Amino acid sequence: MTGNRLRRVWDTRPALGAWCWIPAPAVVEQLVWGGFDFILFDCQHGEYGVADLEPLLRVTTNTDVTPVVRVPTNDYYAIGHALDAGAEVVVVPMVETKADAERAAAATRFFPTGTRSYAGTRSTRVLGTDPVQVNREVACLAMVETATGLANVAEIAGTEGIDGIFIGPADLAITLGLPPGPPPYAAEVERAIDQVVAACDAAGVVPGLAAGSDYAARGLRFLTVTGDRALLQRGKAELDKARAALH
Ligand code: 3PY
Ligand code: MG
């Protein structure tokens with residue numbers, strides 16, 4: 001049992017991962033071969049729910065890729081089920097207040113620090129059977145992706161059991177009255193990123209961003225670099241090149 005490798009990675013260098021939206025083990029296998037530090041399985045915007053996760057997570061067994069799951073909502077059962085299926089890190093969307101952060105943190109860990117319920121599921125093969133050890137190894141990342149969440153970021157980052165903040169730049173831009181767009185973001189969003197990093201540094205937790213590795217130099221330690229859909233879309237460039245060569 002080696003524990004949650006991602007914790008060791010983000011303690012020493014920025015962790016780089018890929019999104020998984022397509023519920024196919026063959027797609028996950030390709031991402032595993034890519035050598036990412038983590039795969040973020042997206043049950044909020046992916047084409048699958050928490051109940052469909054387990055066969056996808058199984059592809060990461062005995063690899064150096066840590067399975068991270070974004071649950072669809074800040075929900076006790078969704079978080080518990082993702083962990084039962086073998087998630088080592090949960091990402092909880094739309095955390096706006098300290099109370100939201102406390103709810104997410106409690107669902108992630110067993111008594112005495114939380115209210116997670118124990119089951120002899122796949123998770124026991126991943127992080128072990130000892131609740132104390134599992135509590136130490138799992139991680140809960142709260143998403144700050146609204147203007148309200150940003151206003152409360154210091155309190156959210158300082159909540160017991162929150163291990164990091166993952167910034168959602170698209171939703172954040174929208175709630176700041178700006179259009180969502182690719183990096184580099186609008187000045188207000190870029191400032192918000194620095195504000196979250198500062199709050200995380202002050203609280204001693206990990207700052208993360210749903211954007212490319214360009215942001216590693218800004219102090220972010222959990223970054224999604226690409227995803228299955230984006231990688232497939234790149235095929236269009238090959239088609240354009242082939243078409244151009246015909247003329
Ligand atoms: C956002 O940008 O809002 C996200 O949730 C990341 O995809
Ligand atoms: Mg979002």
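Asn62 is exposed, at 80% relative accessibility (buried means under 20% relative accessible area, exposed over 50%, partly exposed in between, with a 1.4 Å probe and protein chains only). Asn62 sits in the loop between helix 3 (54-58) and strand 3 (helices, H or I with at least four residues, and strands, E with at least two, are DSSP runs numbered from the N terminus). Its phi is near 60°, a positive value in a residue other than glycine. Met94 also has a positive phi, near 55°. Met94 lies in the loop between strand 4 (89-92) and helix 5 and is partly exposed, at 34% relative accessibility. Most residues other than glycine have a negative phi, and most peptide bonds are trans.

The model is predicted: local features need pLDDT of at least 70, side-chain atom pairs count only at pLDDT 80 or more, and totals for chains, interfaces and linings use all residues. Residues are numbered from 1 along each chain as its sequence is written, chains are lettered from A and ligands numbered from 1 in the order in which they are written, and side-chain values use heavy atoms, with hydrogens and water left out.

Two cis peptide bonds can be described. One joins Phe111 and Pro112, with omega about 10°. Pro112 is placed in the loop between helix 5 (98-108) and helix 6. Another runs from Pro183 to Pro184, with omega near -5°. Pro184 belongs to the loop between helix 10 and helix 11.

The magnesium ion (ligand 2) is coordinated by Glu145 (OE) and Asp171 (OD), at 2.0 to 2.1 Å. Glu145 lies in the loop between strand 5 (139-144) and helix 8 (147-151) and Asp171 in helix 10 (residues 169-175), so the pair ties together parts 26 residues apart in sequence. Donors are N, O and S atoms within 2.8 Å of the metal (3.2 Å for Na, K and Ca); water is not among the atoms, so sites may look incomplete. Glu145 is buried, with a relative accessible area of 2%. Asp171 is partly exposed, at 25% relative accessibility.

The largest pocket holds about 500 Å³ of space. Its lining has 25 residues, and Trp19, Trp21, Pro169, Ala170 and Ala210 are the closest to its centre. On a 1 Å grid over the protein atoms alone, a pocket is an open set of points with protein on both sides within 12 Å along at least five of seven lines; a cavity is a set where a 1.4 Å probe fits but cannot get out; lining residues have an atom within 4 Å of a point. Grid points are joined across faces, edges and corners, and a volume is the space filled by probe spheres set on the points. Helix 10, strand 8 (222-227) and helix 12 (228-233) each supply at least two lining residues of the largest pocket. Strand 8 gives the largest share, 4 residues. The lining divides into 12 nonpolar, 8 polar and 5 charged residues (Ala, Val, Leu, Ile, Met, Phe, Trp, Tyr, Cys and Pro count as nonpolar, Asp, Glu, Lys and Arg as charged, and the others, Gly among them, as polar).

The second largest pocket holds about 390 Å³. It is lined by 16 residues, with Thr2, Asn62, Thr63, Glu88 and Val126 nearest its centre. Strand 3 (66-70) and helix 6 (123-126) are the elements that give two or more residues to this lining. Its residues divide into 4 nonpolar, 7 polar and 5 charged.

There is 1 cavity of 30 Å³ or more. The largest cavity has a volume of about 80 Å³. Of its 14 lining residues, Arg116, Ser123, Thr124, Gly128 and Val134 lie nearest its centre. Helix 6 gives the most to this lining, with 3 residues.

The largest nonpolar core has 61 residues, and Phe41, Leu53 and Val69 have the most contacts inside it. Helix 11 (residues 187-203) gives the most to this core, with 7 residues. A second, separate core of 17 residues includes Trp10, Trp19, Val68 and Phe166. A nonpolar core is a set of buried Ala, Val, Leu, Ile, Met, Phe, Trp, Tyr and Cys residues joined through side-chain atoms within 4.5 Å. Phe166 is found in strand 6 and is buried, at 0% relative accessibility. Among the residues that Phe166 touches, not counting those up to four places away in sequence, are Trp19, Ala210 and Phe222 (contact means heavy atoms within 4.5 Å).
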